[in-house]
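This briefing covers a helix and its end, ring contacts, salt bridges and a surface patch.

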Amino acid sequence: MSNEYHYDLVVVGGGPAGSSAAYAAAKNGIKVALLEKEGTIAETVRTSGVTWIQNIKEFGIPNDCFNPIRNFSFCSPNNEVTISDSIPRAAVLDVRKTYRWLAKQAEQVGADIFVKINVIDVIKDDKGDIVGVIGAGPEGKITFHSKVVIDASGFPSSVCKTMGFVTQWERFGAGAEYEVKAEHVDSERWWLMVGQQYSPAGYAWIFPVGNNIVRIGVGVGKPESNVDPTQRLKELMDSKLGPIKKLGEITPIEFHYGLIPNDGLSRKTVFNNLILVGDSAGQANPLVLEGIRYAIKFGRVAGKVAADAIKSGNTDESKLYPYEENWRKEIESKINSAGKVQDRWIGLSDEEWDKELDIIKELKPEEFLDFIKADFGLSNMIKLAAHHPKLAVRQLFSLVKGKK
Ligand SMILES: Cc1cc2nc3c(=O)[nH]c(=O)nc-3n(C[C@H](O)[C@H](O)[C@H](O)COP(=O)(O)OP(=O)(O)OC[C@H]3O[C@@H](n4cnc5c(N)ncnc54)[C@H](O)[C@@H]3O)c2cc1C
């Protein structure tokens, strides 16, 4: 392996954002390197993999990469609700298969994938703009020169941190999860579990992945709570609290742990020759801390915009700005509204959660899904805010609309 390479675009991180950016850029005819620090793509799973069938279809993700979900169950200490849809609109991804498929897509259109390359430094020109990165590989240091760098390194935001553009996220979610084989599984039903016992600032979950395998997890908001999600997960599994008991005998297969930013859309995401995308840009729906579909969607936008700028010979911030404009237009107001609902949810006591579930019971499946996806405005939420007979329901949806 050479220790010096020249590419048009270097993408750092082989997660969904990086692979999607590399795919769109290489498809647009430029020379792309995708750098991943682990030994294979998706070697470590750091996510639960819930996403939406509509997005899966839009991205062309193959049918054997996900398990469809049609029944949405919520439980609080003294309440329970199930919203059943006629067709599955949600899904739990086979994360490894999906992420590897995304990387393969990039490779098939000409991107070069380098694994075991941990990006540890940046190369700057005399103006201080980024013009490449330095990675540590099994055979020592490797230099990648490029016209544009896309930082898709996820939570650590390795490149833009090294550039001095950002510091560590202050508000974030920490999640621990066991993938387990279980005795009794309803493969079309997910469970979200709320209240102090499950998570003091967050929620616990059971997500089925098919073949009697489920992911049982706990997410905890930081700095709101100092509970360790791994410890809490062990306690919940040992005590078989709530719907965990319904699973019968469980045998752990694999442990997952991850961090997800929850600072809102606080970051600038384009600089001269540099784009941030996915978790490194904080692009996640804060209500349930899901970011995979945004990582893929805006990864593709970032790759296309970078390719166009490179081909034009000008990769200044202004030429990369259409990327930021695109994602802000699409998700900024939704994410801000979702942040308000999240602030309300983080402050709820167990009794208040019991009542909140009574509000959720009032929703039709499509309203519930638009709500949880933060796709406010798609269904009749404005009508719910104005005309619903229950004051509590009107209050919840007024919050979404930004009214007090
Ligand atoms: C516990 C938990 C549960 C979640 N559940 C869901 C869910 O159900 N649904 C959902 O949509 N989202 C979920 N998320 C969020 C989702 O995982 C992220 O939004 C998504 O993975 C972001 O993709 P990404 O490509 O930006 O980052 P990542 O998936 O984190 O990928 C970043 C990649 O960059 C690599 N990398 C990092 N640093 C370097 C470096 N210096 N050099 C080279 N490579 C590097 C990493 O190894 C990794 O492969 C969850 C997150 C957590 C923590």
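Helices (H or I, at least four residues) and strands (E, at least two) are DSSP runs, numbered from the N terminus. This is a predicted model, in which local features need pLDDT of at least 70 and side-chain atom pairs count only at pLDDT 80 or more, while totals for chains, interfaces and linings use all residues. Residues are numbered from 1 along each chain as its sequence is written, and side-chain values use heavy atoms, with hydrogens and water left out.

**Helix α6**
- Helix α6 covers residues 292–312, and its 21 residues should span 30 Å at 1.5 Å a residue, which agrees with the 30 Å between its end C-alpha atoms. The expected span is 1.5 Å times one less than the number of residues.
- Of the 21 residues in α6, 15 are buried (buried means under 20% relative accessible area, exposed over 50%, partly exposed in between, with a 1.4 Å probe and protein chains only).

**Aromatic contacts**
- The whole structure holds 18 aromatic pairs (ring centres of Phe, Tyr and Trp, the last by its six-membered ring, within 6.5 Å; planes under 30 degrees apart are stacked, over 60 edge-to-face, the rest tilted).
- One of them is the stacked pair of Tyr5 and Phe144, with 5.2 Å centre to centre and 10° between the planes. This pair links distant parts of the chain, as Tyr5 is in strand β1 (residues 4–6) and Phe144 in strand β12 (residues 140–145), 139 residues apart. Both Tyr5 and Phe144 are buried.
- Tyr203 and Trp205 make a tilted pair, at 5.5 Å centre to centre and 55° between the planes. Tyr203 is buried because its relative accessible area is 16%; Trp205 counts as buried at 7%.
- Tyr203 and Trp205 also belong to one aromatic cluster, together with Trp52, Phe72, Phe74, Trp190, Phe207 and Phe368.

**Charges over rings**
- The charged end of Lys31 sits over the ring of Tyr7, 4.4 Å from the ring centre (the criterion is NZ of Lys or CZ of Arg within 6 Å of the ring centre and within 35 degrees of the ring normal).
- Arg267 lies over the face of Trp169, 3.5 Å from the ring centre.

**Salt bridges**
- A search of the whole structure gives 25 salt bridges (a side-chain nitrogen of Lys or Arg within 4 Å of a carboxyl oxygen of Asp or Glu).
- Arg89 and Asp85 meet at 2.6 Å, N to O. Arg89 is partly exposed, with a relative accessible area of 33%, whereas Asp85 is buried at 4%.
- Arg215 and Glu179 meet at 2.7 Å, N to O. Arg215 is in strand β17 (residues 213–222) and Glu179 in strand β14 (residues 172–182), so the pair ties together parts 36 residues apart in sequence. Arg215 and Glu179 are both buried.
- Glu330 and Lys297 meet at 2.8 Å, N to O. Glu330 lies in helix α7 (residues 317–346) and Lys297 in helix α6, 33 residues apart.
- Glu330 is partly exposed at 32% relative accessible area, and a network of salt bridges links Glu330 and Lys297 with Glu58.

**Surface patch**
- Phe255, Tyr257 and Leu259 form a nonpolar surface patch with about 250 Å² of accessible area together (patch residues have over 30% relative accessible area and no salt bridge; like charges are joined within 9 Å, nonpolar side chains, Val, Leu, Ile, Met, Phe, Trp and Tyr, within 5 Å). Areas come from the Shrake-Rupley method with a 1.4 Å probe, and for residues only the protein chains shown count as cover.
- Phe255 lies in strand β18 (residues 250–261) and counts as partly exposed at 35% relative accessibility.
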